[in-house]
Amino acid sequence: MGGAEPESAEADRLPGWVTLLRAPNPGPMTLDGTNTWILRAPGADYATVIDPGPLDEGHLRRIAEHGPFQFILITHGHHDHVEGADRLSELLGGTAVLAADPAYCLHGDPLDPSEWLGGNGLDIRVVDTPGHTSDSVSFLIECGDDRAMFTGDTILGRGTTVVARPDGDLGAYLRSLELLSAYPEVLMLPGHGPARTDTAERARFYLEHRRERLAQVAAAMAAGAETPEAVVDLVYPDIDPGVRFAAEWSAAAQLDYLRQRRETP
């Protein structure tokens, strides 16, 4: 559903303190599968895991083999990221699950974007990036001289993100992209797709794509399209039928955003 990808390179290697375990749940919305990230500073006793993924016993046991863990961190509450969290905590003997939404926390308090999580050689800043969902956060993590941004579904390594009602909000999403565009030359490690070398460049690409789409949707509205289905017919004429539902979700969010702007003095 995206335009041409930017020339910024996919990262050809990960830092030594980062391990990727990809969940076995590929599909149109999950690309190659959910990226589970395991982080362990050199010589540290405890690691951190981001997004344990779906409730797949084999995947969760592979994650557990990399323990012990200090935290299980969640970028947002979609099932392909959080469904396996409670079971992973159980396998690990009660490791805390921390998320922005209290509904997904276990043995710990909700994440606070004003604070840093530290310990075991990692400095973890919670970056509030709502829009894809109201509870979406990213994690800026420093290990020695390295910095990496873990973006969940806010920015993907390939393609573009769906912002769907009622939990998604396009205005908030655009503000989150503006925020992430302030991190040039910071490695970007997404919830799906390949790692990217530059968080800011990827965020700017997303912003440009969204603005182009909004202009197309505004033109479609001027031509009489007032429903998501009508917008998709005009703006996405060659859409794969298998992902048309996602295009209609995006179109609904775009219509809401443009109507709100039209009604705001």
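**Strand pairs, a helix face and backbone exceptions**

Trainee: Which residue in β2 is the bridge partner of Leu-21?

Mentor: The bridge partner of Leu-21 is Thr-36, which belongs to β2. The model is a predicted one, in which local features need pLDDT of at least 70 and side-chain atom pairs count only at pLDDT 80 or more, while totals for chains, interfaces and linings use all residues. Residues are numbered from 1 along each chain as its sequence is written, and side-chain values use heavy atoms, with hydrogens and water left out.

Trainee: What makes β1 and β2 a pair?

Mentor: Strands are DSSP runs of E with at least two residues, and helices are runs of H or I with at least four, both numbered from the N terminus. Two strands pair if DSSP finds at least two bridges between them; β1 and β2 have five bridges, in the antiparallel sense, so they meet that definition.

Trainee: Why are β1 and β5 called edge strands?

Mentor: The open sheet has five strands in the order β1-β2-β3-β4-β5, with mixed pairing. Both β1 and β5 pair on one side only, and they are therefore its edges.

Trainee: How do you know that the buried residues of α1 line one face of the helix?

Mentor: In α1, residues 57-64, the buried ones are His-59, Leu-60 and Ile-63, where buried means under 20% relative accessible area, exposed over 50% and partly exposed in between (1.4 Å probe, protein chains only). Seen down the helix axis, they fall within an arc of 95°, so they line one face; the arc is that of the directions from the axis to the C-beta atoms.

Trainee: What do these buried residues of α1 pack against?

Mentor: Taking contact as heavy atoms within 4.5 Å, they pack against β1, β2, β3, β4 and α3.

Trainee: What is the phi of Asp-51 and of His-107?

Mentor: Phi is near 60° for Asp-51 and near 60° for His-107, a positive value in a residue other than glycine. Most residues other than glycine have a negative phi, and most peptide bonds are trans.

Trainee: Which peptide bond is cis, and where is Pro-68?

Mentor: The cis bond joins Gly-67 and Pro-68, with omega about 5°, and Pro-68 sits in the loop between α1 and β4.
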